[in-house]
Protein chains: 2
Amino acid sequence: MLKNYLLSPGPTAVPERVLLAMAQPVIHHRTPQFSAVFADCAKRLKKLWQTKEDVIILSSSGTGAMEAAVANSFSKGEKVLVINSGKFGERWGQISESFGLEVVWMKLGWGQAADPSAIKAELDKDPDIKGVFMQATESSTTVKHPIKEVAQITRGRDLLFVVDGITGVGVFEIPMDDWGIDILVSGAQKAFMLPPGLAFIALSEKAWKKADEAKNSKFYLNLKKEKKNLANNTSAYTPAVTLINGLKEALDMFEEEGLDNVYKRTALHAKAVRAGCDALGLKNVTDSPSEAMTGVYLPEGVDGNKLVKTLRDNFGVTYAGGQDEWKGKIIRIAQLGYIGAFDVIIAISALEMALSKFGADIKLGTGVAAAEEVLKEGFGI
Amino acid sequence: MLKNYLLSPGPTAVPERVLLAMAQPVIHHRTPQFSAVFADCAKRLKKLWQTKEDVIILSSSGTGAMEAAVANSFSKGEKVLVINSGKFGERWGQISESFGLEVVWMKLGWGQAADPSAIKAELDKDPDIKGVFMQATESSTTVKHPIKEVAQITRGRDLLFVVDGITGVGVFEIPMDDWGIDILVSGAQKAFMLPPGLAFIALSEKAWKKADEAKNSKFYLNLKKEKKNLANNTSAYTPAVTLINGLKEALDMFEEEGLDNVYKRTALHAKAVRAGCDALGLKNVTDSPSEAMTGVYLPEGVDGNKLVKTLRDNFGVTYAGGQDEWKGKIIRIAQLGYIGAFDVIIAISALEMALSKFGADIKLGTGVAAAEEVLKEGFGI
């Protein structure tokens with residue numbers, strides 16, 4: 001008998017009440033009943049984006065919303081700056097190139113955060129750059145990028161600042177309008193506590209205007225069409241009905257807890273996981289860690305691929321390992337989404353026992369003790 | 001946001017797959033489809049009882065099966081010996097008295113296990129005693145009674161040995177036929193991992209014979225009627241259909257894990273919880289603890305009622321407190337049923353943090369470290 005705990009940074013665990021909401025009978029999507037749910041969700045998403053603009057709900061993975069950003073607000077031949085600090089930064093560039101954009105790659109070392117002054121220098125040097133693409137959190141490296149600071153550089157220029165907030169919205173505050181972000185996208189299977197299958201995207205007035213002139217091809221991911229349909233409380237194409245029911249429930253949960261408390265909880269758990277890892281002598285992979293997750297280097301001699309497999313299959317705990325150059329060398333533990341204090345305890349307890357199984361020099365309980373010292377705060381101790 | 005963990009010794013947590021089985025559409029109970037499920041469950045329950053006799057499924061709480069034992073195999077005026085070492089021992093006596101039996105109370109101190117030689121002395125002294133009633137585990141005190149040893153004394157005498165295995169069957173081995181138990185009852189919401197609402201009872205050949213002559217009143221809990229119906233793969237009255245569907249799934253889980261492994265897992269977790277409590281300086285309430293649960297005294301000055309309430313409402317972890325003379329003084333933590341290694345970790349982590357919140361002198365992590373040292377075994381470390 002093995003109980004399973006999903007502690008990967010996406011997909012994240014789905015709360016029981018969201019599962020129950022999704023188990024409701026499927027209603028037809030062209031009905032006033034479904035339209036009420038759909039419109040309500042779209043309206044409430046604005047609070048998470050902190051925007052007066054529409055948040056469009058797409059039935060796709062997060063990558064669909066990334067493509068929508070490129071396809072709707074840019075044209076073939078336009079030059080864009082892509083901050084590439086990992087798998088998902090690279091994806092911005094790949095999408096842009098596949099739509100015929102000219103990509104200026106700003107390649108960073110893995111674990112490195114974007115440097116706003118370097119971005120400023122690049123934009124000052126090249127006024128043809130019509131877009132800056134980056135991540136709020138680069139999930140492959142656990143890095144949090146300085147979105148606010150970059151927005152201060154991009155706003156006022158003749159370009160769009162496009163942020164992948166798939167691992168960001170619902171994790172920490174990203175006030176789109178205030179900061180001056182032009183396009184902010186997110187997805188279901190991260191802080192939204194939903195199964196994969198929905199993506200979200202909001203465009204600033206400037207981004208919508210640019211969309212009027214953009215010539216790239218799009219059909220399923222046509223945002224202007226979706227905006228028009230949303231005005232009628234519906235979507236252009238058949239939406240993922242059960243996931244929308246789940247989204248409504250997840251938004252209820254956000255409202256009941258209060259967004260500020262969601263951010264605080266996530267940040268406290270990040271602190272606790274890091275304290276636990278520190279106590280076990282596991283070095284963080286970055287100096288700029290996101291609250292969404294924690295990435296640490298594994299001790300010399302521990303095969304990360306085997307460790308992650310053993311944790312999943314023998315301990316029942318699913319973490320994420322490393323990708324590309326970090327494959328087998330790191331482990332990533334989620335704090336975003338439906339994570340409570342005892343998930344942190346499980347994460348550290350399983351990690352210390354598994355490391356011990358793999359021969360690492362670990363004093364059992366050390367990590368949990370350090371994590372508890374941080375978690376105390378949340379229990380008013 | 002608070003995640004809830006049910007770590008009380010009954011009701012216990014219900015596995016996801018059992019919940020899903022119970023969410024199936026209700027089918028009519030007088031159909032071949034339901035009869036197949038019902039008969040299959042009854043047949044497979046015999047493995048848990050290790051009996052060739054029928055195991056009758058009652059739609060009632062465990063107390064219903066206790067009453068069925070008294071009502072079906074005894075008659076008004078008969079003398080019975082009741083081992084009363086807590087709330088549930090007392091209940092055997094109360095049921096017996098309400099059916100007009102003459103109860104010889106063997107009252108033990110709370111936390112004390114039955115002494116077979118004292119029982120032997122009582123039976124030798126009074127040959128009129130027609131029944132001996134006790135618990136496999138007295139849940140109110142966490143005590144495990146020496147069923148096998150008592151059975152060696154009772155078998156061969158002109159009396160029935162009646163065992164409440166509500167907290168026992170599925171926790172550790174109770175081979176009814178081998179040991180010579182005459183009536184063995186159990187219930188759904190303990191090791192069976194089901195919501196409350198089902199009870200189970202098996203009678204030895206001797207007990208069925210006595211039932212032929214017994215004159216006590218019974219209607220809903222008429223076991224001879226149920227036995228006759230079971231021969232036709234059905235029940236006398238409307239059964240709790242969804243719970244039977246859940247029972248089938250739970251029995252599948254037992255078979256997949258293997259009963260021996262279920263017993264081993266439960267025993268290992270008991271050892272781990274006890275190691276954790278020991279490390280925290282919490283004294284066990286008994287020298288004869290059941291594998292089903294662990295009861296420990298709380299430190300001086302800690303109000304157990306408040307502690308249990310805080311653990312439930314602020315930590316999301318439900319334990320059981322003490323009853324009657326132990327009210328507010330002890331805490332009981334479950335190991336039976338759907339409990340994995342990380343439930344043990346949660347149990348001890350929550351307990352050490354909560355005790356710390358209540359001012360006890362606790363070094364955080366101490367309990368978890370000790371528990372992990374025991375749990376290692378289960379992970380092959």
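In E4(B), which residue is the bridge partner of Val82(B)? The bridge partner of Val82(B) in E4(B) is Trp105(B). The legends below concern a predicted model, in which local features need pLDDT of at least 70, side-chain atom pairs count only at pLDDT 80 or more, and totals for chains, interfaces and linings use all residues. Residues are numbered from 1 along each chain as its sequence is written, while chains are lettered from A and ligands numbered from 1 in the order in which they are written.

**View 1. The open sheet of chain B.** Seven strands are arranged in the order E2-E10-E9-E8-E5-E3-E4 in chain B, with mixed pairing. Strands (E, at least two residues) and helices (H or I, at least four) are DSSP runs numbered from the N terminus, and two strands pair if DSSP finds at least two bridges between them. Strand E2 (55–58) and strand E4 (102–107) of chain B form the edges, each pairing on one side only. On average, neighbouring strands of this sheet are turned by 20 degrees against each other, direction ignored. Strand E3 (residues 79–84) of chain B pairs with E4(B) in the parallel sense over six bridges.

**View 2. Helices lying across the strands of chain B.** Helix H2 (residues 32–49) of chain B lies across E2, strand E9 (183–187) and strand E10 (199–203), running at about 120 degrees to E2(B). Helix H6 (residues 147–154) of chain B lies across strand E5 (129–135) and strand E8 (160–164), at about 165 degrees to E8(B). Axes are lines fitted to C-alpha atoms, for helices over the stretch in contact, and angles run from 0 to 180 degrees between N-to-C directions.

View 3. Five of the five residues of strand E8 (residues 160–164) of chain A are buried, so the strand is largely enclosed by the rest of the structure. A residue is buried if 20 or more other C-beta atoms, placed from the backbone, lie within 10 Å of its own. Leu160(A), Val162(A) and Asp164(A) are buried on one side of E8(A), and Phe161(A) and Val163(A) on the other. Strand E5 (residues 129–135) of chain A pairs with E8(A) in the parallel sense over five bridges, and Gly131(A) stands opposite Leu160(A). E8(A) also pairs in the parallel sense with strand E9 (residues 183–187) of chain A, over three bridges; there Val185(A) is the bridge partner of Asp164(A).

**View 4. The surroundings of Ala292(B).** Ala292(B) is found in the loop between helix H11 (259–279) and strand E11 (293–297) of chain B. Ala292(B) is buried, with 29 other C-beta atoms within 10 Å. Not counting residues up to four places away in sequence, Ala292(B) touches Pro9(B), Thr137(B), Thr167(B), Val171(B), Gln335(B) and Leu336(B). Contact requires C-beta atoms, placed from the backbone, within 7 Å.

**View 5. The contact between chains A and B.** The contact takes 28 residues from chain A and 29 residues from chain B. H13(A) gives the most to the side of chain A that touches chain B, with eight residues.

Notes:
Contact = placed C-beta atoms within 7 Å. Buried ≥ 20, exposed ≤ 12 C-beta atoms within 10 Å, placed from the backbone.
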